[in-house]
Amino acid sequence: RSEERAQSLALEHEIPRACSGYEEVLENPAVDAVYIPLPNHLHCEWTLRALQAGKHVLCEKPLARNGEEAQRMVEEAKARGKLLMEGLMYRFHPRSRRIKSLVAEGLVGEIRLVRSAFCFSHPDPQDSRFRPEMGGGALLDVGCYGVSLARWILGAEPEIVQGSAQYGPTGVDLTFVGILRFPRGEMAIVEASFVTALQQTFSVVGTRGAIELPHDAFIPWEKDCWFRIRGVEEEEGKVETVPGDDEYQRMVEHFADAALGQMPLEVEAEDSIANMRVLDALAESARKGHPVSIPSL
């Protein structure tokens, strides 16, 4: 956000060029793609500006503040012939991919329940996450991971959701719990919070077994990580370890390869619109105090 800070960072990391502002980045013909990690209320504006400047865009999650903004962003990308991808880095970690493949192979049988929790205690109440005008709230910030995970693992869209929230003094949801029901009867429970002890877990429970991640489920950083597989009557089950990796680097490299035309995007823009529609419905349900149906696309 300042030329001085940009120059300092460029010097530290041996980056050959620093820019004085966002506009200068977009005006640079040598820039093919940009990453947008701005607060949520700026995702739509700067994605549209970047696409109109002829850049591919990797945008931090959630793609937008709501489904309407997401739709505008995707339509602009299509009109400009540019790529747009939401930064759901967890999908690129080898552990996530391993679990997805095991579920697809039928290891746990028919899935009955997907649970996830991404909760932590945020130390700064002045942060954008606590400001409604900046797209704050636990559901958008970290609940988006749990909704995305459930849809990804199940390969389906929920048909009805119910949400409940504890709202803070600024009006954003500090803690959010959502229940998603899918067409074949599967259910997902999503927990998100800024005001609790750390929880970063998910589990996939089926008719033949369960897969459990007790911690670091979405952001294991680069250390070795593991998950547990349990059979129907097993209390302990077995542990499988996955070597450490950088899921953010994998995501960026994938996006670069896609921008170069070497492969299709793994997180398609339409998937992000669908995720935003579910988040919209959960937020509406919490405000109104009753379940909300999600019309099929």
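This is a predicted model: local features need pLDDT of at least 70, side-chain atom pairs count only at pLDDT 80 or more; totals for chains, interfaces and linings use all residues.
Aromatic pairing was examined first. A pair of aromatic rings is described by the distance of the centres and the angle of the planes. The count comes to 12 aromatic pairs. One of these joins Tyr 90 and Tyr 145. Their ring centres lie 6.3 Å apart. Their planes meet at 80°, so the pair is edge-to-face; the cut-off for that class is over 60 degrees. The two residues come from separate elements. Tyr 90 sits in the loop between β3 (84-87) and α5 (94-104). Tyr 145 belongs to helix α6 (residues 138-154). The pair therefore ties together parts that are 55 residues apart in sequence.

Both partners can also be placed by accessibility. Tyr 90 has a relative accessibility of 1% and counts as buried. Tyr 145 is buried too, with a relative accessible area of 3%.

Arg 49 lies over the face of Trp 46. The distance to the ring centre is 4.0 Å.

Helix α7 was considered next. The helix spans residues 247-259 and has 13 residues. From its first C-alpha to its last, α7 reaches 18 Å. This is close to the 18 Å expected at 1.5 Å a residue. The buried residues of α7 are Glu 247, Met 251, His 254, Phe 255 and Ala 258. They cover an arc of only 100° around the axis, so they lie on the same side of α7. The elements covering these buried residues include β1 (33-36), β2 (56-60) and β3.

Both ends of α7 show local features. At the start of the helix, Asp 246 contributes a side-chain oxygen. This oxygen reaches to within 3.0 Å of the backbone nitrogen of Tyr 248. After the helix comes Gly 261. The phi of Gly 261 is positive, near 80°.

Pro 29 is placed in the loop between α2 (22-27) and β1. Its relative accessibility is 70%, so Pro 29 counts as exposed; the cut-off is over 50%. Pro 29 and Gly 109 are 80 residues apart along the chain. Their C-alpha atoms are separated by 51 Å.

Notes:
Residues are numbered from 1 along each chain as its sequence is written. Side-chain values use heavy atoms; hydrogens and water are left out. Rings of Phe, Tyr and Trp (its six-membered ring) pair if their centres lie within 6.5 Å; planes under 30 degrees apart count as stacked, over 60 as edge-to-face and the rest as tilted. Helices (H or I, at least four residues) and strands (E, at least two) are DSSP runs, numbered from the N terminus. Buried means under 20% relative accessible area, exposed over 50%, partly exposed in between (1.4 Å probe, protein chains only). A charge sits over a ring if NZ of Lys or CZ of Arg is within 6 Å of the ring centre and within 35 degrees of the ring normal. The expected span of a helix is 1.5 Å times one less than its number of residues. The arc is that of the directions from the helix axis to the C-beta atoms. Contact means heavy atoms within 4.5 Å. A polar contact is a pair of N or O atoms within 3.5 Å; within protein, one must be able to donate a hydrogen and the other to accept it, and residues adjacent in sequence count only if both atoms are side-chain atoms.
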